[in-house]
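Dear colleague,

Here is the structure I promised to hand over, and below it you will find what turned up in it. Please read the notes with the model open beside you.

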Amino acid sequence: MTLPTLLVLDADPPPRLGRLTGRARVLHTDDEGLAALLPEADVLLVWDFRSRAVRDAWPGEGPRPAWVHTASAGVDHLMCPELAASDTVVTNARGVFDQPVAEYVAALVLAAAKDLPRTVEFQRNRVWRHRETRRVAGTRACVVGSGPIGRAVAATLKALGVTPALVGRVPRTGVHGPADLDRLIARADWVIAAAPLTDRTRGMFDAHRFGVMQPSAVFVNVGRGELVDEPALAEALRRRWIAGAALDVFTTEPLPADSPLWDLPGLLVSPHMSGDTAGWRDELGAQFVDLYERWAAGRGLVNVVDKKRGYVPGH
């Protein structure tokens with residue numbers, strides 16, 4: 001019996017795939033070796049979800065895997081026209097990051113409302129400075145992205161007494177459409193970007209959108225860096241069009257040491273960590289093994305990405 005070949009585009013630490021011993025021929029590669037090994041693979045696991053090597057290697061010659069799984073919610077790092085047009089099934093890590101990201105957003109909202117960054121700064125400098133802070137309950141949030149992460153963010157903020165409005169690709173019960181976005185962000189205290197990166201969403205937070213927001217608004221991006229026109233955000237913060245921002249994702253990652261974003265007034269920078277809680281890699285590995293068992297048994301896969309849209313449909 002010939003075992004299926006599983007090719008893993010590795011990152012450190014590698015995934016735990018012990019349950020697949022004797023059930024798959026497992027090959028490991030880095031970016032440089034991907035193109036040469038891709039024709040041998042029945043399945044490709046993109047464990048290094050920050051790599052863009054799949055986009056470069058996929059258009060080459062030879063057969064291609066029947067199934068590609070990425071250990072991430074977003075798929076923009078691997079999609080290319082050739083993959084989108086192929087019969088290959090693409091799945092993602094939908095479900096692993098929803099609540100961790102929601103908790104991180106709630107922490108950012110509370111930190112901004114309660115002025116915690118300045119409290120830490122004052123303590124470091126031994127400064128006793130009393131201030132008044134904002135009440136979170138009774139404020140409004142506009143959450144852009146109505147998938148599982150966006151819905152978890154909205155539910156978690158609602159538990160804090162925030163009134164959330166969800167915006168998705170198409171309007172439906174409980175979800176506003178893009179035509180309502182400007183109206184909703186104009187009245188929001190917290191604007192949360194949690195949308196997938198597509199041709200429609202790229203650069204959607206631009207000078208116009210930051211100009212629409214209230215001067216007291218705080219902008220948070222936990223989606224993709226390319227959702228934001230970063231120079232426009234920098235200008236909005238310098239001109240105090242908005243009160244502050246928190247970015248967990250950036251157009252270029254890691255964020256270069258000479259980036260002006262590090263020193264912007266009112267901007268909190270974090271290194272793409274909003275969904276990464278203790279044990280998250282083990283969850284990702286276990287999720288893939290579960291999917292592999294379904295695939296090997298001939299059962300339908302879940303978390304199947306619509307390759308034209310760039311995300312899992314149904315939300």
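Leaving aside its neighbours within four places in sequence, Thr198 is in contact (heavy atoms within 4.5 Å) with Arg309 and Tyr311. Thr198 sits in the loop between strand 8 and helix 8 (207–212), where helices (H or I, at least four residues) and strands (E, at least two) are DSSP runs numbered from the N terminus. Its relative accessibility is 14%, so Thr198 counts as buried; buried means under 20% relative accessible area, exposed over 50%, and partly exposed in between, with a 1.4 Å probe and protein chains only.

Please keep in mind that this is a predicted model, in which local features need pLDDT of at least 70 and side-chain atom pairs count only at pLDDT 80 or more, while totals for chains, interfaces and linings use all residues. Residues are numbered from 1 along each chain as its sequence is written, and side-chain values use heavy atoms, with hydrogens and water left out.

The structure holds 8 aromatic pairs, meaning rings of Phe, Tyr and Trp (its six-membered ring) whose centres lie within 6.5 Å, with planes under 30 degrees apart counted as stacked, over 60 as edge-to-face and the rest as tilted. One of them joins Phe205 and Phe219, a tilted pair with 4.9 Å centre to centre and 50° between the planes. This pair links distant parts of the chain, since Phe205 lies in the loop between strand 8 and helix 8 and Phe219 in strand 9, 14 residues apart. Phe205 and Phe219 are both buried.

A second example is the pair of Phe288 and Tyr292, whose ring centres are 6.3 Å apart and whose planes stand at 50°, so this pair is tilted as well. Phe288 and Tyr292 are 4 residues apart in helix 10, and therefore about one helical turn separates them.
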